Amino acid sequence: MRAPATTRRSGGARRLSPALAATDTAGVAKRNLLRIGRTPQMLVISVFQPAMLLVLFRYVLGGAIRIPGGSYVDYVVPAVFIEAVLIGGMTTSIGLAQDLKSGIVDRFRSLPMARSAVLAGRTIADLARSVVSLTIMVVLGLAVGFRFHNGLAPILAGMGLVVFFGYAFSWMYATIGLATRDPETAQVAGILPFFVLMFASSAVVPVVTMPGWLQPFARNQPLSVTVAATRALMEGGPAAHDVWLSLAWSTAILVVFFAVALRVYQAGTA
Amino acid sequence: MSPMIEVEALEKRFGATRALRGVDLVGEEARVLALLGPNGAGKTTLVRILTTLLRPDAGRARVAGHDVVADAAALRSAIGLAGQYAAVDELLTGRENLELVGLWYHLPRAVYRRRAQELLERFSLAETGDRLVRGYSGGMRRRLDVAASLVAQPEVLFLDEPTTGLDPRTRNDLWAFIEELVAAGTTVLLTTQYMEEAERLAHRIVVMNAGTVAASGTVEELKEQVGGAVLSARVRDRSDLGRAAALMAEIGGGAVHTDADQQQVDLPTKGGTPVLIAAGRRFEEAGIGLDDLGIRRPSLDDVFLHLTGERVAPASPEVA
Ligand SMILES: Nc1ncnc2c1ncn2[C@@H]1O[C@H](COP(=O)(O)OP(=O)(O)OP(=O)(O)O)[C@@H](O)[C@H]1O
Ligand SMILES: [Mg+2]
């Protein structure tokens, strides 16, 4: 009686095969990429913010900050790269909250798609957007006087580290979006971790200028070690220690928030 | 004929609100089960539990043989859902919306592309299918949402107020389409505010009120519950409404209902013409001017009123 198109399955709540989960994720990523392409103004905004900070650091504050043994522009532009991908992560929280609010997530949940696909597809599409804005930041950075002082391989490794950092944090932002369920609230809630990571760090000014109690945190938090590793990879200098720390931080954040986000997503069917 | 939807002692609460307080019902294969009930009765909550969007607090429910909690994954492959509020993607075209749903049901690409095209044509969206949904009217979104629920030709279809906001012609189209689906073997559970829709489509009706099943049965069975007939008087002068209601209560037979908007007083009755004649005489003696007095077969609307104490939305939906 049924057309052969109907997929009839038996058995209980068994897991989908990895191949089907990948198909589902690709479908969600495609959906989100189509949406990104159709709202270019959003892309412009997410590039505009780091671009503004770049100009601010380079021309407004840069003159007052001394970097021992280097130029400030080479010091701060790698931090702007990281900031660009972090802002890309914020769009993940806003987008997910929007989907929850619009009711489209109800449709997703009523379909036999992999549970992780909605989140994985979203973070992957936002990653693509982050790579675009990172590329634009490289061009802008070069335009304001930033220069690479290392070989191509370490430079690309530095870019990879930045992208991985951004991807890991997009899962933290996914969790924020799922927990707040409201785009405006998600946006406000996302600013706090952004400011703590960005300014209680070695990203913009050297840590030695900060009060003593803040220094241990500012030196070792994930953004600081990533920016230190990125600077070393792009500008030369010993990189291994900070690269390992950055990889460890990003992996830990990815694993933890992947699990938490998935749990919060599923708890939505309370 | 076997049950495709089985619900037993289902309960759900949201904080202090008891949205469902022990619901039992059965939906037979290839039949339409209509859920009727005033706002807040728990219809959407029940649909959301049956489609695995919510977990029940107590009780059991199975759809197409799959438990809503233990076999949720398998259940999702067997159902289609068009929820109360259209869940379509504004920034995709109608076709993209349908094709992606097909992909997520794990249909082969060629199949879901063909299905998307068929459904666009069937729901009069063929011309607009390649435009962004952002530019669709409310009725077009609603149709696309229903179409999305049909992409995988589900065994059981859940439609939560599917024709709210549709114009009469489109509503009729959708009714005809649902009839076709059911003739081909699909089981349908729909909620509605429109008696006309329930009378036309439903093999069985469940009237819900405040989280419980107030009554269930075929349209005819439900009408029997109200009594044989309804004595209905419309007063000329609104100020006579109270006296008219008191007078009807004296005649007796059932609970009197006053509808102030219509200036009308209704009384379920088992008596026939003699009751009508007696009532006419009493109204005359009391000096209450009437625009209309008559005995009619109860409508589903009367059943609803009788069971829930509320009139449903307009008897016929307004044009969107
Ligand atoms: N997520 C929720 N949180 C809190 N209360 C809820 C939630 N969902 C439903 N309710 C409450 O549960 C009750 C039943 O709601 P439900 O949406 O199931 O009613 P309904 O019969 O579909 O009404 P309508 O005809 O207005 O669509 C209502 O009192 C409602 O306020
Ligand atoms: Mg409802």
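**Notebook: where chains A and B meet**

I began with one pair: the side chains of A:Asp106 and B:Arg48 form a salt bridge, N to O at 2.6 Å (a side-chain nitrogen of Lys or Arg within 4 Å of a carboxyl oxygen of Asp or Glu). I kept in mind that this is a predicted model, where local features need pLDDT of at least 70, side-chain atom pairs count only at pLDDT 80 or more, and totals for chains, interfaces and linings use all residues. Residues are numbered from 1 along each chain as its sequence is written, chains are lettered from A and ligands numbered from 1 in the order in which they are written, and side-chain values use heavy atoms, with hydrogens and water left out.

Next I looked up the whole interface. I noted 45 residues of chain B and 38 residues of chain A in the contact (heavy atoms within 4.5 Å).

Which helix of chain B gives the largest share of the side that touches chain A? Helix 3 of chain B does, with five residues (helices are DSSP runs of H or I, at least four residues, numbered from the N terminus).

Then I turned to the magnesium ion (ligand 2). B:Thr44 (OG1) and B:Gln84 (OE1) coordinate the ion at 1.9 to 2.1 Å (donors are N, O and S atoms within 2.8 Å of the metal, or 3.2 Å for Na, K and Ca; water is not among the atoms, so sites may look incomplete). B:Thr44 sits in helix 1 (residues 43-50) of chain B and B:Gln84 in the loop between strand 6 and helix 3 of chain B, so the pair ties together parts 40 residues apart in sequence (strands are DSSP runs of E, at least two residues).
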